[in-house]
Amino acid sequence: MTNKEDIRNLYDAWWNNRTPEECALHYMCYEYEEEYFEDMLLKDDSLLNDIIATVSECTDGIFLGIDGCLRLYIVDDSDFYGCYYGNECKIEINRKYLTDKSVILHELIHFYEHLLEKEQKPFIRELLVLELYNKLSTSIPDLKEHIFKHCELYSYTKTFQESGEHGVLFFLKSLDLDIRCGFPLGTVCGYGRNEQF
Ligand SMILES: [Zn+2]
């Protein structure tokens, strides 16, 4: 990721030049952040609640999410649904999928995972994997087998490999969002994952 000052400058320039549609998308992402990402934001009473106080003492504090950081662009004529550019801290959404909640959530998972990677120690992500697994295993039968299948496909599917990181944390969080949004399992992950359930 570009340094924080650069990110902030890019964000300020983007904020001043947002189109009305990008502005609406921005507010929608704020709502999704509030509604669905409390665990990845390490908020009080979320999945990692027991260690959050310790994390706050060990680091410069807990990051605050998309505010002052993430830029959102609506693009035409692209061959993707959406795309997250980690180093630039920006998301592009294909105009055709602007109203597809699962596409927006998919890209936001990439963003929060990347922030966790950059801002926190690896054990935070590892603990989140454990806690999400425990949470989801009560409602998804054969969760472990689904994870193995996901990783197997991940290794062998070229398209999937070239389209950003979709590891175990990504997969689990996408299933969590499927359940919370009432989507068929595999919808937020995409890439045909709904066919495996
Ligand atoms: Zn992706």
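Three strands make up an open sheet of mixed pairing, in the order β1-β3-β2. Strands here are DSSP runs of E with at least two residues and helices are DSSP runs of H or I with at least four, both numbered from the N terminus; two strands pair if DSSP finds at least two bridges between them. β1 (71–75) and β2 (82–85) stand at the edges with a single partner strand each, so one side of each is left without a neighbour in the sheet. The model is predicted: local features need pLDDT of at least 70 and side-chain atom pairs count only at pLDDT 80 or more, whereas totals for chains, interfaces and linings use all residues. Residues are numbered from 1 along each chain as its sequence is written.

**Sheet geometry and pairing**

- On average, neighbouring strands of this sheet are turned by 15° against each other, direction ignored; axes are lines fitted to C-alpha atoms, for helices over the stretch in contact, and angles run from 0 to 180 degrees between N-to-C directions.
- β1 pairs with β3 (residues 90–94) in the parallel sense, over five bridges.
- β2 and β3 run antiparallel and are joined by four bridges.
- Tyr84 stands opposite Ile91 in β3.
- The hairpin of β2 and β3 has four residues between the strands, and Cys89 takes a positive phi near 55° in this hairpin.

**Packing of α4 on the sheet**

- Helix α4 (residues 101–119) packs on the sheet and touches β2 and β3; residues are in contact if their C-beta atoms, placed from the backbone, lie within 7 Å.
- The direction of α4 makes about 15° with that of β2.

**Packing of α4 with α8**

- The axes of α4 and helix α8 (residues 168–181) lie 10 Å apart, and the two helices pack at an angle of about 140°.
- α4 and α8 are therefore oblique to each other, a class left for angles that are not under 35 degrees (roughly parallel), over 145 (roughly antiparallel) or 65 to 115 (roughly perpendicular).
- The crossing of α4 and α8 is right-handed, meaning that the near helix is turned clockwise from the far one by less than a right angle.
- From α4, Lys101, Leu105, His106, Ile109 and Glu113 meet Leu169, Phe170, Lys173, Ser174, Leu177 and Cys181 of α8.
- By class, this contact has six nonpolar, two polar and three charged residues (nonpolar: Ala, Val, Leu, Ile, Met, Phe, Trp, Tyr, Cys and Pro; charged: Asp, Glu, Lys and Arg; polar: the others, Gly among them).

How values were computed
Contact = placed C-beta atoms within 7 Å.
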